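Have a look at the sequence and the model first. Then we'll walk through a few spots together.

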Amino acid sequence: MSPPQLVVHRDKELMAQAAAARLITKVVDAQASRGYASVVLTGGRNGNGLLAALAAAPARDAIDWGRLDLWWGDERFVPEGDPERNVTQAREALLDSVPLDPKRVHPMPASDGPYGKDADAAAEAYAVELAKAAGPENHAPVPSFDVLMLGVGPDTHVASLFPELPAVRETERTVVGVHGAPKPPPTRITLTLPAIRAAREVWLLAAGEDKANAAAIALSGAGEVQAPAAGAYGRSRTLWLLDAAAASQLPRSLYPPASP
Ligand SMILES: O=C1O[C@H](COP(=O)(O)O)[C@@H](O)[C@H](O)[C@H]1O
């Protein structure tokens, strides 16, 4: 487990721009050393803000988009093209404007897809897709993602791992269906903590006042069942990217006040 490091930016716009710049560097470096990169996208306001900032970044074309594998950390289990789907929002924010290789883009199944309304079967199929992409050297039946991003919800949820729901307790499977999520829609698909922890780097994104309490709880030693964000860490790095509003309730030992 790699202990959390914090980077606090002035506001959410700057946080999104800085995170986008960081992601460009990470992907370019991975492509230079290995030939390709793999990234797990998150939904939510902060994740989409980062993608929009990436779309607007002049350096975005330093990325070889055709050699980038994209996966998702979670999905709302609604029909294809539904505006609530994380992939729909990601396409609008960035993906439709860059030359990705469609074979390397791996959205989670929709509720009108081959598994119909069966979110558990759809989750299992995604686990199989991940396992096929994993190499023997990988640390779990998922690829060694270079960067796995997670938006932190106001209730400390990450991906679709909500406090106290069964998915956050999963220790074997890499992807599960979620039923009765407290945030709509209630049916979802999510990577589990073991899959998340197989990533080289996990970046948690938290901007805005409504994330302040969640960040403070998750970073103050809470258990992962009560505060799923506390259980999300990467093998080499766990990075919390915050804005000042989201950092405003952190203990001073973690985020000392700025010098005058
Ligand atoms: O529903 C979801 O919420 C979280 C956080 O979203 P935010 O709008 O509060 O930032 C997101 O990370 C997750 O992917 C998504 O499905």
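## A walk around the model

Let's start with His-106, whose side chain reaches the backbone oxygen of Arg-104 at 3.5 Å. That's a polar contact, meaning a pair of N or O atoms within 3.5 Å; within protein, one must be able to donate a hydrogen and the other to accept it, and residues adjacent in sequence count only if both atoms are side-chain atoms. You'll find His-106 in the loop that runs between helix 3 (86-93) and helix 4 (119-133). Helices (H or I, at least four residues) and strands (E, at least two) are DSSP runs, numbered from the N terminus.

A word on the ground rules: this is a predicted model, in which local features need pLDDT of at least 70 and side-chain atom pairs count only at pLDDT 80 or more, while totals for chains, interfaces and linings use all residues. Numbering starts from 1 along each chain as its sequence is written, and side-chain values use heavy atoms, with hydrogens and water left out.

Now, the ligand. Which residues come nearest to the ligand? Of the 15 residues around the ligand, they are Arg-45, Asp-74, Arg-76, Lys-183 and Lys-211. (A residue is near a molecule if one of its heavy atoms lies within 4 Å of it.)

Which element gives the most to the shell around the ligand? That's helix 2, with three residues. Two elements, helix 2 (44-56) and strand 4 (74-76), each supply at least two residues of this shell.

The side chain of Arg-188 puts a polar atom 3.0 Å from a ligand oxygen. From the backbone of Gly-151, a polar atom is 3.1 Å from an oxygen of the ligand. How much of the ligand's accessible area does the protein cover? On its own the ligand has 400 Å² of accessible area, and the protein covers 97% of that. (Accessible areas come from the Shrake-Rupley method with a 1.4 Å probe; for residues, only the protein chains shown count as cover.)

Thr-42 itself is found in the loop between strand 2 (37-41) and helix 2.

On to burial. Buried means under 20% relative accessible area, exposed over 50%, and partly exposed in between (1.4 Å probe, protein chains only). Here is how some residues come out:

| Residue | Relative accessible area | Class |
|---|---|---|
| Ala-32 | 68% | exposed |
| Thr-42 | 7% | buried |
| Gly-47 | 3% | buried |
| His-106 | 11% | buried |
| Thr-156 | 3% | buried |
| Glu-164 | 44% | partly exposed |
| Gly-177 | 18% | buried |

Where do some of these sit? Ala-32 is part of helix 1 (residues 12-34). Why does Ala-32 count as exposed? Because its relative accessible area is 68%, and the cut-off for exposed is over 50%. Its C-alpha atom is 20 Å from that of Val-105, a residue 73 positions away along the chain.

Gly-47 belongs to helix 2. Between the C-alpha atoms of Gly-47 and Ala-19 there are 9.9 Å, with the two residues 28 apart along the chain. Gly-177, in turn, is in strand 6. It is 139 residues from Ser-38 along the chain, and their C-alpha atoms are separated by 23 Å.

Most residues other than glycine have a negative phi, and most peptide bonds are trans. Thr-156 is not a glycine, yet its phi is positive at about 75 degrees. This threonine is placed in the loop between strand 5 (147-151) and strand 6. Glu-164 also has a positive phi, near 70 degrees, and Glu-164 too is in the loop between strand 5 and strand 6.

Which residues does a cis peptide bond join? Pro-184 and Pro-185, with omega at about -5 degrees. Look for Pro-185 in the loop between strand 6 (175-178) and strand 7 (188-191).
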